[in-house]
Amino acid sequence: MFIAYAVLHVLFWYCDRLSIELCSGVWGRNNVLDQVAEKPARADSVTVLIAGDRPVYRSSLRILLDGVDALEVVGDVGTGPDAVATIHRLRPDVVLLHVNPPSAPLVDVITPIVERCPGTAVLIVSIADDREAFLAAMRAGARGYLSQGAPSQDLVLAIRIVQSGGLVFDSSTSGWVTDHLAQPAGAAKPFPELTDRELEVLELVADGLGTAAIAAQLGLSIKTVRNYLSRIFAKLHLVDRAEAAVRARQAGLGH
């Protein structure tokens with residue numbers, strides 16, 4: 001399970017203090033790095049790097065955080081392959097990640113950061129109100145998930161909590177945490193790295209359905225189903241549908 005019970009009472013105390021409203025944001029996987037603004041960090045500061053597609057939003061966040069004592073914004077980056085390289089080079093304590101699914105699955109954004117920069121905590125700021133995206137993000141290694149629009153003092157508090165090793169959830173996601181923890185141990189689903197929708201698609205693959213049939217059954221377009229299949233193959237390191245069906249049946253999926 002992705003959350004340690006030992007810290008829950010601390011986490012929920014902090015969650016009660018976070019009252020955060022929703023705004024918008026975008027993480028576009030195919031964009032190139034459009035801006036990197038860097039400065040050296042003070043040795044006694046919590047270092048933060050802001051990542052997201054919108055330069056205006058990044059600039060406003062930087063102005064807000066630059067005035068906070070003992071907190072240093074060491075850079076702000078756009079998106080794309082070079083963004084992770086920049087995070088790896090600067091090694092900030094915290095990446096403040098501004099995202100807006102479905103422009104890119106959160107797991108696809110978070111995983112390379114966590115893998116290449118294990119000492120960096122990822123704090124997500126998102127417009128999304130999606131339980132499965134939230135749970136997948138936390139499984140992928142994010143340390144916090146907030147709705148955008150937090151007062152500056154709440155955002156700073158969240159940054160400091162994740163930098164010190166804690167987890168942060170706002171009021172809109174704390175209920176998802178308690179629901180998830182309340183599940184019996186045996187209720188854990190197979191392939192926890194998959195979202196519920198991806199698991200549905202995989203189960204239908206295990207049943208032998210083709211792409212068009214899956215789309216019809218789930219009320220999705222064929223293109224959307226193909227996108228889901230691509231994500232499933234990537235996450236589970238599968239080569240083709242046949243291997244996906246075998247893995248799914250071995251895990252107990254299918255009828």
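This is a predicted model: local features need pLDDT of at least 70, side-chain atom pairs count only at pLDDT 80 or more; totals for chains, interfaces and linings use all residues.
**A70.** I began with A70, which is partly exposed, with a relative accessible area of 34%. I placed A70 in the loop between α2 and β3. Its phi is positive, near 60°, and A70 is not a glycine.

**H237.** I then looked up H237, another residue with a positive phi, about 60°, although it is not a glycine. H237 lies in the loop between α10 and α11 (241–250). Is H237 buried or exposed? I noted a relative accessible area of 67%; the cut-off for exposed is over 50%, so H237 counts as exposed.

**Q148.** I found Q148 in the loop between β6 (144–147) and α6. Its relative accessibility is 8%, and buried means under 20%, so Q148 counts as buried. I also checked Q148 against H98: the two are 50 residues apart in sequence, and their C-alpha atoms are 8.3 Å apart in space.

**Helix α6.** I checked the length of α6 (residues 152–163). With 12 residues at 1.5 Å a residue, α6 should span 16 Å, and its end C-alpha atoms are 17 Å apart, which agrees. The expected span uses one less than the number of residues. Which residues of α6 are buried? I listed D154, L155, V156, L157, A158, I159, I161 and V162. After α6 comes G165, with a positive phi near 105°.

**α2 against α6.** I looked at how helix α2 (residues 55–66) meets α6. Their axes come within 11 Å and cross at roughly 80°. Angles of 65 to 115 degrees count as roughly perpendicular, and α2 and α6 are therefore roughly perpendicular to each other. From α2, I noted L61, L64 and L65; they meet S152, L155, V156 and I159 in α6. By type, the residues of this contact are 6 nonpolar, 1 polar and no charged. Among the α6 residues in the contact, L155, V156 and I159 are also on my buried list.

**α9 against α10.** In the contact I found T211, A212, I214 and A215 of α9, and I222, V225, R226 and L229 of α10. The contact residues of α9 and α10 divide into 6 nonpolar, 1 polar and 1 charged.

**Nonpolar cores.** I turned to the largest nonpolar core, which has 27 residues. Which residues have the most contacts inside this core? They are L97, I110, I124 and M138. The elements giving two or more residues to the core are β2 (46–51), β3 (71–77), α3 (81–90), β4 (94–99), α4 (106–116), β5 (121–126) and α5 (131–140). Of these, α5 gives the most, with 6 residues.

**Whole chain.** Last, I took the totals. The protein has 11 helices and 7 strands. Of its 255 residues, 48% are buried. Among contacts with a separation of 6 or more, 74% join residues 24 or more positions apart.

Notes. Residues are numbered from 1 along each chain as its sequence is written. Side-chain values use heavy atoms; hydrogens and water are left out. Contact means heavy atoms within 4.5 Å. Helices (H or I, at least four residues) and strands (E, at least two) are DSSP runs, numbered from the N terminus. Ala, Val, Leu, Ile, Met, Phe, Trp, Tyr, Cys and Pro count as nonpolar, Asp, Glu, Lys and Arg as charged, and the others, Gly among them, as polar. Buried means under 20% relative accessible area, exposed over 50%, partly exposed in between (1.4 Å probe, protein chains only). Axes are lines fitted to C-alpha atoms, for helices over the stretch in contact, and angles run from 0 to 180 degrees between N-to-C directions. Angles under 35 degrees count as roughly parallel, over 145 as roughly antiparallel, 65 to 115 as roughly perpendicular and the rest as oblique. A nonpolar core is a set of buried Ala, Val, Leu, Ile, Met, Phe, Trp, Tyr and Cys residues joined through side-chain atoms within 4.5 Å.
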